[in-house]
Amino acid sequence: MQFDLLTTDPASKARAGKLTTDHGVIETPIFMPVGTVASVKGVHQRELREDIDPDIILGNTYHLYLRPGTEILQKAGGLHKFMSWDRPILTDSGGFQVYSLSNRRKIKEEGVKFKSHVDGSMHLFTPENVMEIQRKIGADIIMAFDECTPYPCDYRYAKRSMHMTHRWLDRCITHFEKTPALYGYEQALFPIIQGSTYKDLRTQSAEYIANSNAFGNAIGGLSVGEPAEEMYAMTEVVTAVLPEEKPRYLMGVGTPINILENIALGIDMFDCVMPTRNARNGMLFTAHGTINIKNLKWEDDFSPIDEMGITWVDTEYSKAYLRHLFKCHELLGMQIATIHNLGFYMWLVREARKQILAGTFVTWKEMMVKQMDKRL
RNA sequence: GGAAGUAUUGAGCAAUUGGUUGGCUCGCCUGACUGUAAAUCAGGUCUUUUUGAAGCUUGUAGGUUCGAGUCCUACUACUUCCA
């Protein structure tokens, strides 16, 4: 696996790079669609490949461990084969579930005891077994097991949690190095910076994570409800510490505007459920603002979903038709909206990359941020 | 022609022995959604009002009663059964 930093924007900290994996090249900055349980909800792999065309997608360790389980995934020959996706995959470790399933788990130094949201059974996640599970899932990039703290989070807790995440990282690395890749291609482990919204903790965590000398570095614990300004402030603090020559992944972000702002701060990789989830709930992202397609005002608007026509669905279908599908709870509506949103997100990061390479990123970004900050 | 039953806010249902109907579900309208317990969740949805609040309401018209969606009478509409 290799990361080549191609350009750094002179007017910002934005970067364009190239991450080469055994499953293909990832051009950064990149947005990674989320496919939690071995499916990017609402789209076929063929549509994903041909219409949306992301360089990499996400899976989730906690969810895949529960269903179908590591045994099945191993029998299948790994997640790529199981889900028929031959491009790169990144798996999150389950650290986010420590946060989002907070009422069904207990955190200890040893690890986290989970009550399954599927059948209520008890499971223990430790840095060690999370590495093993991720080896068996077989994603190209795997994540360290961390605690994603909520917002707001008091300083003492954030500090204690951060240190535990660091200790967990050491255990992750030790165990990762002890366990071989199972399917004949390389896997890289990304450590995760925590520290909530405290600059000193973030700096400290970034230093610790940078010292682990991993292939790439991730920023976690953001986009959990804090104001965007705080998120940007934390990104800035952290990127100042992280090595230039390694990819930086901001986990769980975000809105199109969040993504552009964080690209400007030096982030290379993003993932977020927003384009897919919001699509299923009737929200469309466009270059000119967001659309709630369920709104009455689209009832007789026969103009294309999106004049830009990034994906074929944009011009194939009208707003009135898409609204109709949503009002009737037709599955097709969610599929169309998902293809549209993911197509738009991919266009956004690809265009950002072009602008960075052309040296025009900042002007373009300012224009886009202004333009997208609207409801249609 | 005869008999029985039903009538509540867009729809469908609820509402103690008569004791504040405006409660529920759906629909509709509007929000929300950031490493997916999410095709989910929240709010609104009789009228007037900017809020606060005020007012009207259980097919129609009467009656009994301190008090009627609930009991009685007539009418109207619908449903079912018998001719």
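Me: Which residues of helix α1 (residues 45-52) are buried?
Reply: Glu-47, Leu-48 and Ile-52 are the buried residues of α1. Buried is defined as 20 or more other C-beta atoms within 10 Å of a residue's own, exposed as 12 or fewer, and partly exposed as in between, with C-beta atoms placed from the backbone. Helices (H or I, at least four residues) and strands (E, at least two) are DSSP runs, numbered from the N terminus.

Me: Why do they line one face of the helix?
Reply: Seen down the axis of α1, the buried residues fall within an arc of 100 degrees, so they line one face. The arc is that of the directions from the helix axis to the C-beta atoms. Arg-46 and Glu-50, on the other side of α1, are exposed.

Me: What do the buried ones pack against?
Reply: They pack against α14. Contact here is defined as C-beta atoms, placed from the backbone, within 7 Å. After α1 comes Asp-53, with a positive phi near 60 degrees.

Me: Before I go on, what sort of model is this?
Reply: A predicted one: local features need pLDDT of at least 70, side-chain atom pairs count only at pLDDT 80 or more, and totals for chains, interfaces and linings use all residues. Residues are numbered from 1 along each chain as its sequence is written, while chains are lettered from A and ligands numbered from 1 in the order in which they are written.

Me: And what is the average pLDDT of chain A?
Reply: Chain A averages 97, and 100% of the residues score at least 70; pLDDT is the predictor's confidence in each residue, from 0 to 100. For the complex, the predictor gives an ipTM of 0.93 and a pTM of 0.95.

Me: New topic: how many residues surround RNA strand B?
Reply: 49, and the closest are Cys-148, Ser-223, Gly-252, Gly-254 and Val-273. Near means that the C-beta atom, placed from the backbone, lies within 6 Å of the strand.

Me: Which elements supply at least two residues each?
Reply: Among them are α5 (95-100), α11 (274-280) and α14 (331-358).

Me: OK, Ile-141. Buried or exposed?
Reply: Ile-141 is buried, with 28 other C-beta atoms within 10 Å. Ile-141 belongs to strand β10 (residues 141-143).

Me: What is Ile-141 in contact with?
Reply: Leu-90, Ala-188 and Phe-190, leaving aside neighbours within four places in sequence. With residues up to four places away not counted, Phe-190 touches Ile-141 and others, including Met-143, Ala-144 and Tyr-249.

Terms used. Two residues are in contact if their C-beta atoms, placed from the backbone, lie within 7 Å.
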